[in-house]
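The following exercises ask the reader to examine a protein model step by step. Each task is followed by a worked solution.

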Amino acid sequence: MQSDATSATTSATTSGPSSAAAGGSGSGESLRRVAVASFIGTAIEFYDFYIYGTAAALVLNQAFFPTLDPVTATLASFSTYAVAFVARPLGSVVFGHFGDRVGRKSVLVASLLLMGLSTACVGLLPGYGTLGIWAPLLLILLRFLQGIGLGGEWGGAALLAVEHAPKKRRGLYAAFPQLGPSVGFFAATGVFWLLSAVLDDGAFRSWGWRVPFLLSFVLVGVGLFVRLKISETPVFAKVMDAQEASRVPTLDVLRRHPRELLLGAGGMIIAYGLFYTATTYCLSYATGTLGISRDTMLGLSLVACLFLAAGTWLAATRSDGSGRRKLILAGCGLAVVWGLVLFPLLDTGQPVLIALGVGGALFCMGVVYGPMGAYLPELFGTTVRYSGASLAYNLGGVLGGAVAPLVATRLQSAFGSASVGWYVSAMAVVSLLCVLALPETRERELA
């Protein structure tokens, strides 16, 4: 262990295989740098991803599908939103392959570039009135590329933190990339709220909604600056030194870890389902059906985001002592109950109760999501960890995130808002059963 600590200290100033003997521990300076890099990267990439969801709920239906009736246009807008979730497992395969063969760091740089530039180009894309049918088709293409980029982001960021961290603190360091979505969502919602507050409705729908997308050009530069300064993880560097890298990591995951892959994906369903129901769908529902003003709902979403950050940090940091599995199960159990509470609170139309409903849902999501930053990587061996953790994470996104706004829109239209709450609770039960079938992992060795 002493030699491990010495090697890790060296990794703070060098990179490459020679600095990799740390076996997962490191100097305070090195670990702080890794924590910041994993946090900033996920915050930027999830900002990019979330601004699309907010725009889809508020304006994209009119900008790109003006010839459709309101419900159909909303479904079409959410369908382009879902395209990225379908692309994310493909991104996991592509970036996971190179992440498990070449290294975590270089793949994270590539995913950040693809995600950021695709997002910025949405802000430059003319609407239906200018390009006709080409406008929604190009929008779908850019959204697909967004999904590819994000499919490679989370796994690399989580591994960056977990594979550098000491064994007893992996939950703590995994909390930093897990906080990225909270901060990214807060920033995305905050930018839209500010624009909505200072611009009249015509200006917002004409050009204001494009500003958050164009800001991605700046954020990509910041993210690249930070990520280019970090070194490869010591755990993966050992694999490279021993020339043990998998030739086809995805196939190895399917052969050696099918159970972990499927159950891990199932465990993620409720995290995605809660988030995209409580944010994207509820924003559309409250502004379109309940008649709540756009400014009010965006402001309430900002408040609710604090609940997400609190749940994420609390559960992730506690998981080093209490165990990952126990806390994830607790989050799933809370979500079963909160799914039945969410829409009665929304339907009151009272801002305080709406904030409580959405904030409570996001807190439940954070309790599940926080420990997953360490839990999913710990389920897989080093040679396939990037591919396995990324695939499980993003397959859960297809099942829980891609379809949630679409199903919720249909259910509410046909059976009322209470049916959407039952749908959320059903997703929570599925995730709870999947995690029950998985083992605890906090004592596992990563190397």
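**Exercise 1.** Are Tyr50 and Phe185 buried or exposed? Determine also how their rings are arranged and which elements the pair connects.

*Solution.* The model is a predicted one.

Step 1. Tyr50 is buried, and Phe185 is buried as well.

Step 2. A pair of aromatic rings is described by the distance of the centres and the angle of the planes. For Tyr50 and Phe185 the centres are 5.8 Å apart and the planes make an angle of 85°. Planes over 60 degrees apart count as edge-to-face, and the pair of Tyr50 and Phe185 is accordingly edge-to-face.

Step 3. Tyr50 belongs to helix H2 (residues 28-58) and Phe185 to helix H8 (residues 170-198), so the pair ties together parts that are 135 residues apart in sequence.

Step 4. Tyr50 and Phe185 also belong to a cluster linked by ring pairs, whose members include Phe46, Trp154, Tyr272 and Tyr393.

**Exercise 2.** Classify the aromatic pair of Tyr281 and Tyr285, and locate both residues.

*Solution.* Step 1. The ring centres of Tyr281 and Tyr285 are 5.8 Å apart, with 20° between the planes. Planes under 30 degrees apart count as stacked, and the pair of Tyr281 and Tyr285 is classified as stacked.

Step 1. Helix H14 (residues 258-288) holds both Tyr281 and Tyr285, which are 4 residues apart, about one turn of the helix.

Step 2. Tyr281 and Tyr285 are both buried.

Step 3. In the whole structure, a search finds 17 aromatic pairs.

**Exercise 3.** Is Val218 buried or exposed? State also where Val218 lies.

*Solution.* Step 1. Val218 is part of helix H11 (residues 216-227).

Step 1. Residues over 50% relative accessible area are exposed; Val218 counts as exposed because its relative accessibility is 55%.

Step 2. Val218 and Ala120 are 98 residues apart along the chain, and their C-alpha atoms are separated by 9.6 Å.

Terms used. Residues are numbered from 1 along each chain as its sequence is written. This is a predicted model: local features need pLDDT of at least 70, side-chain atom pairs count only at pLDDT 80 or more; totals for chains, interfaces and linings use all residues. Side-chain values use heavy atoms; hydrogens and water are left out. Rings of Phe, Tyr and Trp (its six-membered ring) pair if their centres lie within 6.5 Å; planes under 30 degrees apart count as stacked, over 60 as edge-to-face and the rest as tilted. Helices (H or I, at least four residues) and strands (E, at least two) are DSSP runs, numbered from the N terminus. Buried means under 20% relative accessible area, exposed over 50%, partly exposed in between (1.4 Å probe, protein chains only).
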